[in-house]
Amino acid sequence: MPPLLRYPTVDELSARAAALVARHPRDARLRRVGTSRAGTPMWLLSVGHGSRQALVVAGPHANEPVGGATVLRLAERALADPRLTEGADATWNLLLCLDPDGSRRNEGWLPGPYTLGRYIRNFFRPGFLEQPEWLPDGAAGAALPETRALLGLQDELRPFLQCSLHGVDIGGGFVELTHDLPGFDRRLAHIAARLGIPRELGAYDALYWPGLGPAVYRIPPPRRAGLAAAITEAAVESTWFHPYRHGTVTAVVEAPMWGVTAVADDSPPVDRDAVLRAVSRTLRHDTDLLRYLLTRIRPYLATVPDAARLLAPVDDYLLVCPGLADAWDPDTGDSPAHPLPPLSTAHLVALRISGRRLALRTAGLLHQLVRAAGRDPAGALPELDRLIDQWCADYRDGCGARWIPVARQAEYQARVVLAAFDLAGRRARACSGSGEPVPMQRD
């Protein structure tokens, strides 16, 4: 099977997996493990017959399609190298796409050409409460069928390793772990250097989390939190932690689409507070612009099919942006009660990228809403086009964002998963060999 040079669609993923099983009927199997809200089958591709289970989840976020290409690559590797199956007494369980409905909404940009403007104008990611990895009401209260399918797999397989495959649209690669895997940061550095992938040394997602080495972060135990904390700190109930009681190591593997070299700059910033003030001021300004545009657009959306699904993430972003601006501003948010951690140049670059990302995603969703209405009585579309072009140019020219080919993204992510597989396997064997039980409670 030729390597993928572009992102696969949901249908292409299942077709390629079925073709792979047809070529390897003894060692590969495909089964339906759930059905999405829109009735799309959720497929699990399993390779090998070992007693130790690895679970790899692709497509947890609708706008992050690299995981689909990665799981196909991992399946081919596992079929070609018996050390990954018989030699490790392992079975690879590859969930092709956790959010197939949301992923379909991104298929307008998947074939390419891969430009930031095309990506943003076709971007979709559901509101927080419709993202299947999160458990706002705990596992027992999981409402989405996609979430229930994943929880069922976790409890059935009790994997020694779970990898959740994510994609960073702008920035660098990094990994978040529920357990320390000594030596993982060195392997990550080697993989990133070989493939020319910048490592994100100050990831916004992990701003308040402990580090386990450069570009490797420890996911803290979950706690109950409101929407703003869930989006900004993510230390909430999730399917990342659900299998912890089985001794599962979860690795969230982030691979960048457009790389930014400066996210790997761990030097001290020249003027931390000035940069933070500028980032906060820009985010407030952008949020005010977008709120004004939404106010103009909203009266004409009553007839837009499924407008609520596009408006939900818009409302989420506009809700959290002012709080983020205040939290990052040294004049309002860097308080003794909730201080910012020590910040390197990489952290400041990541914050700048993140603030603009929220604005761009909101503008892209508003652009789609106006197009879906079929008319633009508010005259918002030219203004949205201007903002999107301007903000994309800032990423390209101001941050140096450069496209990373799909094949290289998937190769990077696959190698990182294989490194986690090796180290988590050693950890599980060490726990078993010592006679000590694998921990069944949170640290």
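Me: Is Phe 160 buried or exposed in this predicted model?
Reply: Relative accessibility decides this, and the cut-off for buried is under 20%. Phe 160 has 10%. Phe 160 therefore counts as buried.

Me: How are the ring planes of Phe 160 and Phe 421 arranged: stacked, edge-to-face or tilted?
Reply: The ring centres of Phe 160 and Phe 421 are 5.6 Å apart. Their planes meet at 55°. Stacked needs under 30 degrees and edge-to-face over 60, with the rest counted as tilted. So the pair is tilted.

Me: How many residues apart are Phe 160 and Phe 421?
Reply: Phe 160 sits in the loop between α5 (145-157) and β5 (161-171). Phe 421 belongs to helix α12 (residues 406-433). The pair links distant parts of the chain, and the separation is 261 residues.

Me: Is Phe 421 buried or exposed?
Reply: The relative accessibility of Phe 421 is 6%. Buried means under 20%. Phe 421 therefore counts as buried.

Me: Which residue lies over the face of Phe 160?
Reply: A charge sits over a ring if NZ of Lys or CZ of Arg is within 6 Å of the ring centre and within 35 degrees of the ring normal. Here the distance from the ring centre is 4.3 Å. The residue over the face of Phe 160 is Arg 52.

Me: What type of pair do Tyr 204 and Trp 328 form?
Reply: Their ring centres lie 5.9 Å apart. The planes stand at 90°, and over 60 counts as edge-to-face. So the pair is edge-to-face.

Me: How many residues apart in sequence are the parts that Tyr 204 and Trp 328 tie together?
Reply: Tyr 204 lies in the loop between α6 (184-195) and β7 (211-213). Trp 328 is in helix α9 (residues 307-328). Tyr 204 is buried at 11% relative accessible area, and Trp 328 is buried at 2%. The separation in sequence is 124 residues.

Me: Which ring does the charged end of Arg 105 sit over?
Reply: The charged end of Arg 105 is 4.8 Å from the ring centre. The distance limit for a charge over a ring is within 6 Å. The ring belongs to Phe 124.

Me: How many disulfides does the structure have?
Reply: A disulfide needs two cysteine sulfur atoms within 2.5 Å. By this rule the count is 0.

Me: Which cysteine sulfur is nearest to that of Cys 392?
Reply: Cys 392 is in no disulfide. Cys 392 is buried, at 5% relative accessibility. The nearest cysteine sulfur is 11 Å away and belongs to Cys 399.

Terms used. Residues are numbered from 1 along each chain as its sequence is written. This is a predicted model: local features need pLDDT of at least 70, side-chain atom pairs count only at pLDDT 80 or more; totals for chains, interfaces and linings use all residues. Side-chain values use heavy atoms; hydrogens and water are left out. Buried means under 20% relative accessible area, exposed over 50%, partly exposed in between (1.4 Å probe, protein chains only). Rings of Phe, Tyr and Trp (its six-membered ring) pair if their centres lie within 6.5 Å; planes under 30 degrees apart count as stacked, over 60 as edge-to-face and the rest as tilted. Helices (H or I, at least four residues) and strands (E, at least two) are DSSP runs, numbered from the N terminus.
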